[in-house]
Amino acid sequence: KGKCPEDGWDESTIELFLHELAIMDSNNFLGNCGVGEREGRVASGLVARRHYRLIHGIGRSGDISAVQPKAAGSSLLNKLTNSVVLDVIKLAGVRTVTNCFVVPMATGMSLTLCFLTLRHKRPKAKYIIWPRIDQKSCFKSMITAGFEPVVIENVLEGDELRTDIEAVEAKIKALGAENILCVHSTTSCFAPRVPDRLEELSVICANYDIPHIVNNAYGVQSSKCMHLIQQGARVGRIDAFVQSLDKNFMVPVGGAIIAGFNESFIQEISKMYPGRASASPSLDVLITLLSLGASGYKQLLKERKEMFSYLSSELKKLADNHNERLLDTPHNPISLAMSLKNLDENNDAAVTQLGSMLFTRQVSGARVVPCGSVQTVNNYTFKGFMSHANDYPCAYLNAASAIGIKKQDVDIFLKRLDKCLKTSRKEVKNEKSVNEISNSNTGTEQLED
């Protein structure tokens with residue numbers, strides 16, 4: 001039926017299924033005589049076993065979704081994977097999605113592929129409207145495709161950084177709709193940045209007949225992000241949305257899903273991919289979804305949401321204990337941010353040292369963001385880089401509740417963060433005392449002089 005099974009399969013069944021697919025590929029035929037330049041020959045048995053002898057990859061030289069006659073098993077694997085993934089995207093909340101395909105590139109390059117496909121539809125266009133999000137790969141995806149990003153700064157509403165809808169529309173009018181390739185929006189992001197106002201952006205795109213590409217990097221795991229995409233497509237225009245395989249399905253890095261509501265446009269994107277492609281990302285996600293089943297994946301989504309509530313409440317308690325504040329970002333369903341005012345946001349060294357302390361204590365993924373850092377990416381200078389704004393009011397620390405996180409992870413993180421904060425505050429206090437004594441001595445010397 002091409003759907004994710006409700007209940008997961010055991011490993012023996014999955015392996016039997018993969019071996020059945022593999023013997024449909026010509027490189028595994030008994031007595032096969034290959035005289036071409038690409039015959040699925042593999043020198044190492046270990047490599048062959050690692051890929052379940054599915055060596056031919058997916059697609060043909062002109063279309064990543066095309067069936068390869070001498071690799072019937074790999075082609076079937078590709079078709080089934082895309083169908084199962086489409087089913088999972090629907091159960092995650094985007095019910096009206098019509099087509100998707102797995103591409104063996106991470107999110108940034110997959111976005112580039114979308115932009116390059118639009119180039120043929122809008123030959124005059126040179127700009128991409130991009131509400132600012134301080135993440136290098138999505139910025140580079142536009143540069144790599146040969147377009148000029150038009151950065152729209154976010155507006156501060158309470159603690160949250162939100163889409164400046166008026167600035168987006170004003171920029172479209174100023175540049176001319178025909179000169180704009182698309183609006184490039186974002187759902188999943190680090191707090192205090194929150195998902196873009198997708199409904200309003202989608203309506204603007206529909207009104208001005210401008211394509212809309214959504215970076216949904218790790219949004220599949222969030223019902224709120226998926227709801228925004230569904231609503232955006234319902235009230236306006238969303239041409240494609242791109243999500244990472246590793247972040248949403250717990251597989252190795254190297255794959256993404258490009259999905260959309262217009263089947264022919266998604267097919268155009270797949271045909272834009274040059275050459276054949278590695279089957280590894282498709283194989284990984286198919287094995288994972290067959291193992292979990294629809295019920296197993298839905299359970300992981302439920303647990304992630306519960307852990308987000310737990311992380312939020314416990315991080316707030318810890319913040320209060322250190323006279324800090326959990327920033328109020330109710331529109332961000334995955335990431336949280338805690339202020340670091342007591343480390344003295346004017347002292348970047350103290351803030352960044354906290355990040356180093358956490359990393360050396362095996363806390364990965366937590367980000368500390370000092371005030372006023374400047375970063376140049378492809379000749380564009382971002383002020384306040386990593387904070388998604390030129391001048392965010394305070395330094396802060398990020399933590400996220402992503403799919404697969406356990407209560408143990410949260411508890412250990414909070415315990416180690418508590419110790420690091422205590423150590424950092426002592427060091428900052430000692431440094432201030434030393435500076436005060438030094439200043440006092442200097443004053444006395446000046447009086448004596």
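# Briefing: annotated sites, rings and strands

Asn-378 is found in the loop between β12 (374-377) and β13. This residue is not a glycine, yet its phi is positive, about 50°. Asn-378 counts as partly exposed because its relative accessibility is 40%, between the limits of 20% and 50%. The model is predicted.

**Annotated positions**

- The UniProt annotation "binding site", from an unreviewed entry, covers Arg-234, Arg-361 and Lys-426.
- These positions spread over 193 residues of sequence. They are also spread in space, with up to 53.7 Å between C-alpha atoms.
- Arg-361 has its place in the loop between α12 (348-360) and β11 (367-369).
- The relative accessible area of Arg-361 is 38%, so this residue is partly exposed.
- Leaving aside residues up to four places away in sequence, Arg-361 touches Arg-416 and Cys-420.
- Lys-426 lies in helix α13 (residues 407-448). With 59% relative accessibility, Lys-426 counts as exposed, because the cut-off for exposed is over 50%.

**Aromatic rings**

- The whole structure holds 10 aromatic pairs.
- In one of them, Phe-139 and Tyr-380 have ring centres 5.8 Å apart. Their planes stand at 50°, so the pair is tilted.
- That pair links distant parts of the chain, 241 residues apart. Phe-139 belongs to helix α5 (residues 136-144), and Tyr-380 to strand β13 (residues 380-383).
- Phe-139 counts as buried, at 2% relative accessibility. Tyr-380 counts as partly exposed, at 31%.
- Tyr-392 and Tyr-396 also pair, with ring centres 5.6 Å apart. Their planes are at 75°, so this pair is edge-to-face.
- Tyr-392 is buried, with a relative accessible area of 6%. Tyr-396 is buried too, at 0% relative accessibility.
- Ring pairs join Trp-130, Phe-139, Tyr-380, Phe-382 and Phe-385 into a cluster.
- A charge meets a ring at Phe-190: the charged end of Arg-367 sits over that ring, 3.8 Å from its centre.

- Strand β10 (residues 335-339) is mostly covered, with five of its five residues buried.
- In a regular strand, side chains alternate between the two faces of the sheet.
- Both faces of β10 are covered. Ser-335, Ala-337 and Ser-339 are buried on one side, and Leu-336 and Met-338 are buried on the other.
- β10 runs antiparallel to strand β14 (residues 396-400), and five bridges join the two.
- Leu-336 stands opposite Ala-399 in β14.

**Helix α3**

- Helix α3 (residues 72-92) has 21 residues. At 1.5 Å a residue it should span 30 Å. Its end C-alpha atoms are 30 Å apart, so the two values agree.
- Gly-93 follows α3 and has a positive phi, near 135°.

**Other backbone features**

- The peptide bond from Ala-191 to Pro-192 is cis, with omega near 10°.
- Pro-192 is found in the loop between β6 (180-186) and α7 (198-208).
- Gln-362 is not a glycine but has a positive phi of about 65°.
- The loop between α12 and β11 holds Gln-362. Gln-362 counts as exposed, at 68% relative accessibility.

Methods
Residues are numbered from 1 along each chain as its sequence is written. This is a predicted model: local features need pLDDT of at least 70, side-chain atom pairs count only at pLDDT 80 or more; totals for chains, interfaces and linings use all residues. Side-chain values use heavy atoms; hydrogens and water are left out. UniProt positions are given in the numbering used here, feature names are shortened, and annotations may be inferred rather than shown by experiment. Helices (H or I, at least four residues) and strands (E, at least two) are DSSP runs, numbered from the N terminus. Buried means under 20% relative accessible area, exposed over 50%, partly exposed in between (1.4 Å probe, protein chains only). Contact means heavy atoms within 4.5 Å. Rings of Phe, Tyr and Trp (its six-membered ring) pair if their centres lie within 6.5 Å; planes under 30 degrees apart count as stacked, over 60 as edge-to-face and the rest as tilted. A charge sits over a ring if NZ of Lys or CZ of Arg is within 6 Å of the ring centre and within 35 degrees of the ring normal. The expected span of a helix is 1.5 Å times one less than its number of residues. Two strands pair if DSSP finds at least two bridges between them.
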